[in-house]
Protein chains: 2
Amino acid sequence: MSHPVVAIHAGAGDRGAGLLEQQDRHREALLRALEEARTALERGHGAVEAVQAAIVVMESFELFNAGRGSALCSDGSVEMSAALMRSSDGGAGAVAAVRHTEHPIHAAAAVMRSPQVLIVGEAADALAERAGLPQRPASYFVTERQRARLQVAGTARDHATVGAVCVDADGLLAAGTSTGGLRGQPPGRVGDCPIIGAGTWADDRVAVSCTGDGEAFVRAGVARYIGALVEQGVSVYEAAERALGEVKRLGAGGGLIAVDRSGDTALPFVTAVMPRGLWRAGGDAEVWVAD
Amino acid sequence: MSHPVVAIHAGAGDRGAGLLEQQDRHREALLRALEEARTALERGHGAVEAVQAAIVVMESFELFNAGRGSALCSDGSVEMSAALMRSSDGGAGAVAAVRHTEHPIHAAAAVMRSPQVLIVGEAADALAERAGLPQRPASYFVTERQRARLQVAGTARDHATVGAVCVDADGLLAAGTSTGGLRGQPPGRVGDCPIIGAGTWADDRVAVSCTGDGEAFVRAGVARYIGALVEQGVSVYEAAERALGEVKRLGAGGGLIAVDRSGDTALPFVTAVMPRGLWRAGGDAEVWVAD
């Protein structure tokens, strides 16, 4: 029997792009995400449901780069990815290059219930639709804000990928991540988010969700590396630091959230900011936006 | 200064599907793949080129499930994946759901030369075409043999994914994997092959290429786990065994090839067969087909 813990992030990046002006809205969205995760747990659901509940809130919030409001590809389209993994049986599901599913994290959950682990492109939207998940026209996901940002060359990197990790009362762990990818990315580009072991990982010991320069997180195999280190007896804090060190060694940046079975957490980042939040059963939710 | 070593595999699976009848042809293809890798090294190329040279031969051999002759999706189409990774700078490239590129491993190499790590679907074929790689009509990849097999329900699992790992004279490592996926898979399904850290991995210590029940290899993060274990001082042989043990724990099967910086290799599999080959500088190439 553990005390449940939920941690969330909304992307590691710079302070640009209205973050400071909109701190209150960010704070509100993060608190709401933690609240929904808590509610799911209090209703008797497990870590997988809590992670999804938090991410759905963040996918719905237009200032985050996931679901509606996602960063635009070079051609002005939106392509989204998401992944979900749980400790109980090593189950995992992920989607990449989806264009119509309102909540990509639910599509990842649908894949987790299937014999597959990763479905890409139109087939992923089709699977989501068959699972009864709401589909939207491509234009639904494109916001004026992101359209304006695509026009501005060389703006701050603001990944704003979202993710959540949870250990529930049964000691089960889950991790999820959802993103619209990198602003200006070529269509078809897939980052670390839906790559199990890169941006998302959960095993019996630790759950991890990453954000940052996706290619470097893939090349460093960040999330799986943390799992292996924790298995060796390394603390979640040190494991997270070492894995982020591998990203830095590649000249890249980002951050991650991790929680272990005992409820210890690490929320490190090597960028200016990483909006994030933490809730422990019996305590109040805490969120940090620009600090 | 190391003595170069090249190891290859052509998939872990059952003895079915004409393997015994066609042992000589399999043997010839494996020897030819090792020969091409050796030639690349002797011409002064490095591990990355040697791995590609071996895989191109196996992609061209219709009895292997990669390139022409790939297993068919449930709708009779061919969708291919490939990945390539090198130790020198942690560079990696992968493609998934490609339908037209004659040699998917070369498409993975083209992605490795780009800022991206993974490109999926039509965009991957388009990138390959822009890189000057030959494109073929979808029908080119579909063989009568695979068409017949798709009709037969419940036949033996015969992954026949191909892969290669190499340490070159400079001590640099590389790994590559190429596959047509799982027979009867839904279009859009992606297995472990193009997932850096699942089916393919190379760092300064070890290079790994996997084959088998792809979803389990993703859920176990097999290749990245081996990298982390070898970093901890575990031998390549024991690391490979432990990683395969994680796959077995998920009720799945498969095999892998791994080589470390000193040239030590592991070629374990938990299926009936895994056609494979090994060449060490100064020695003769060895291949095993049905044993």
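Predicted model: local features only at pLDDT ≥ 70, side-chain atom pairs only at ≥ 80, totals over all residues.

Me: Then which residue of E10(B) is the bridge partner of Val206(B)?
Reply: The partner of Val206(B) in E10(B) is Asp260(B).

Me: How many bridges join strand E9 to strand E10 in chain B?
Reply: There are 7 bridges between strand E9 (residues 206–212) and strand E10 (residues 254–260) of chain B, and the two run antiparallel.

Me: In what order do the strands of that open sheet come?
Reply: The order is E8-E9-E10-E11 (chain B), giving an open sheet of 4 strands with antiparallel pairing. Strand E8 (200–202) and strand E11 (265–266) of chain B are at the edges; each has a single partner strand, so one side of each lacks a neighbour in the sheet.

Me: Let us turn to the interface. How many residues of chain B are in contact with chain A?
Reply: On chain B 36 residues are in contact, and they meet 36 residues of chain A. The area buried between the two chains is about 2,800 Å², with carbon and sulfur atoms giving 60% of that. Of the area that chain B buries against chain A, 20% is supplied by Val120(B), Arg219(B) and Arg224(B), more than by any other three residues.

Me: How many salt bridges and polar contacts are found across it?
Reply: The rule finds 0 salt bridges between chain B and chain A. It does find 14 residue pairs in polar contact across this interface, both residues being at pLDDT 80 or more.

Me: Which element gives the largest share of chain B's side?
Reply: H8(B) does, with 5 residues. The residues on the side of chain B that touches chain A comprise 21 nonpolar, 6 polar and 9 charged.

Me: Which strands pair between the chains, and in what sense?
Reply: Strand E4 (residues 118–120) of chain A pairs with E7(B) in the antiparallel sense, over 2 bridges. Within this pairing, Ile119(A) has Arg189(B) of E7(B) as its bridge partner.

Me: A change of topic: is Ser209(A) buried or exposed?
Reply: Ser209(A) is buried, because its relative accessible area is 0% and the cut-off for buried is under 20%. The residue belongs to strand E9 (residues 206–212) of chain A.

Me: What does the side chain of Ser209(A) join in a polar contact?
Reply: It joins the side chain of Thr177(A), in a polar contact of 2.8 Å. Leaving aside residues up to four places away in sequence, Ser209(A) touches several others, among them His9(A), Val165(A), Leu256(A) and Ile257(A).

Note on methods
Residues numbered from 1 in each chain as written. Chains lettered and ligands numbered in written order. Heavy atoms only, no water. Contact = heavy atoms within 4.5 Å. Buried area = accessible area lost by both parts, 1.4 Å probe. Salt bridge = Lys/Arg side-chain N within 4 Å of Asp/Glu carboxyl O. Polar contact = N/O pair within 3.5 Å; in protein donor to acceptor, adjacent residues only side chain to side chain. Nonpolar A, V, L, I, M, F, W, Y, C, P; charged D, E, K, R; others polar. Pairing = 2+ DSSP bridges. Buried < 20%, exposed > 50% of the residue type's maximum accessible area, 1.4 Å probe, protein only.
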